[in-house]
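Hi everyone, thanks for coming along.

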Amino acid sequence: MCAIFGVFHARKAAELCVIGLHANQQRAMDYTGIVSSDGAYLYRERGAGLARQVFSDEKILTRLHGLDALGHIRYPTVSDEATRDNIQPIVGIYNGKQIAIAHNGNITNVKELKERFPDIRCSTSLDTEYILRLIETQCTGNIEDDIARVCLFLKGSYALGILLPDRMIAVRDPRGNRPLSIGMSNGSYF
């Protein structure tokens, strides 16, 4: 199991993201990562352990600038190498801008997707990275349409959090098998 938590348009977004991840800590305890946005750039910090352990140093939180943050806690359910590169959110480039993605779930047809799109290369063993690389290669400049098109290729259960410098997008699989809630408080979205 894993959990994702997003904060959009809130002061101290990274700190609020840590609190949200901590509240979901029962879902995963092995790895924690957060990507934040200041409206122009994305900043990434990650490590092994609980959210409050990984982000206990104020210097780390200070490096996570901005009003938006996307976090992920992970408990690996399939075998993979426990490397720093396999800690989400994963960061890439979409239409010349940074993009980050965090994923809860399992994509069951990655092998078929690799056969269909043989030019896509990944540096991790995460199915999350494969989703990101598909979004990058399917780029038309309309991120919402591109994500919708990529989701048509995916089989399995998933919830996705996607952060760009100027927006956050949440996606749930068509069957709604993975939990995804959206709330609002004082003009901020969670």
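I'll go through a helix, an aromatic pair, some salt bridges, a few backbone details and a surface patch. One thing to keep in mind throughout is that this is a predicted model.

Let's start with helix H6, which covers residues 143-153. Which of its residues are buried? They are Ile143, Asp146, Ile147, Val150, Cys151 and Phe153. If you look down the axis of H6, these buried residues fall within an arc of 140 degrees, so they line one face of the helix. And what do they pack against? There are strands among the partners, namely S5 (90-94), S6 (97-107), S7 (156-164) and S8 (167-172). There are helices too: H4 (110-116) and H5 (127-137).

Stay with Phe153 for a moment, please. The search for aromatic pairs gives a count of 1. That pair is Phe117 with Phe153, with 5.2 Å from centre to centre and 55 degrees between the planes, and it counts as tilted. Phe117 sits in the loop between H4 and H5 while Phe153 belongs to helix H6, so the pair ties together parts that are 36 residues apart in sequence.

Now for the charged side chains. Across the whole structure, the search finds 6 salt bridges. One of them joins Arg63 to Glu45, with the closest N and O atoms 2.8 Å apart. Arg63 is in the loop between helix H3 (58-62) and strand S4 (68-74), and Glu45 is in strand S3 (residues 42-48), so this pair ties together parts that are 18 residues apart in sequence. Arg63 is partly exposed, at 41% relative accessibility, whereas Glu45 is buried, at 14%.

Glu136 is partly exposed, with a relative accessible area of 22%, and Arg133 is buried, with 16%. Glu129 joins in too, as Glu129, Arg133 and Glu136 are linked in a network of salt bridges.

For another salt bridge, look at Asp166 and Arg167, whose side chains meet at 3.4 Å, N to O. Asp166 is partly exposed at 41% relative accessibility, and Arg167 is partly exposed at 30%.

On to the backbone. As background, most residues other than glycine have a negative phi, and most peptide bonds are trans. Pro89 is in the loop between S4 and S5. You'll find Asn186 in the loop between S9 and strand S10 (188-189), and it is exposed, with a relative accessible area of 79%.

Which residues make the nonpolar patch of about 350 Å²? They are Ile182, Met184 and Tyr189. Met184 is part of strand S9 (residues 184-185), and at 54% relative accessibility it counts as exposed.

Terms used
Residues numbered from 1 in each chain as written. Predicted model: local features only at pLDDT ≥ 70, side-chain atom pairs only at ≥ 80, totals over all residues. Heavy atoms only, no water. Patch = residues over 30% accessible without salt bridge, like charges linked within 9 Å, V, L, I, M, F, W, Y side chains within 5 Å. Areas by Shrake-Rupley, 256 points an atom, 1.4 Å probe, with all protein chains shown as cover. Salt bridge = Lys/Arg side-chain N within 4 Å of Asp/Glu carboxyl O. Helix = DSSP H or I, 4+ residues; strand = E, 2+ residues; numbered from the N terminus. Buried < 20%, exposed > 50% of the residue type's maximum accessible area, 1.4 Å probe, protein only. Arc of directions from axis to C-beta. Contact = heavy atoms within 4.5 Å. Phe/Tyr/Trp six-rings, centres within 6.5 Å; stacked < 30°, edge-to-face > 60°.
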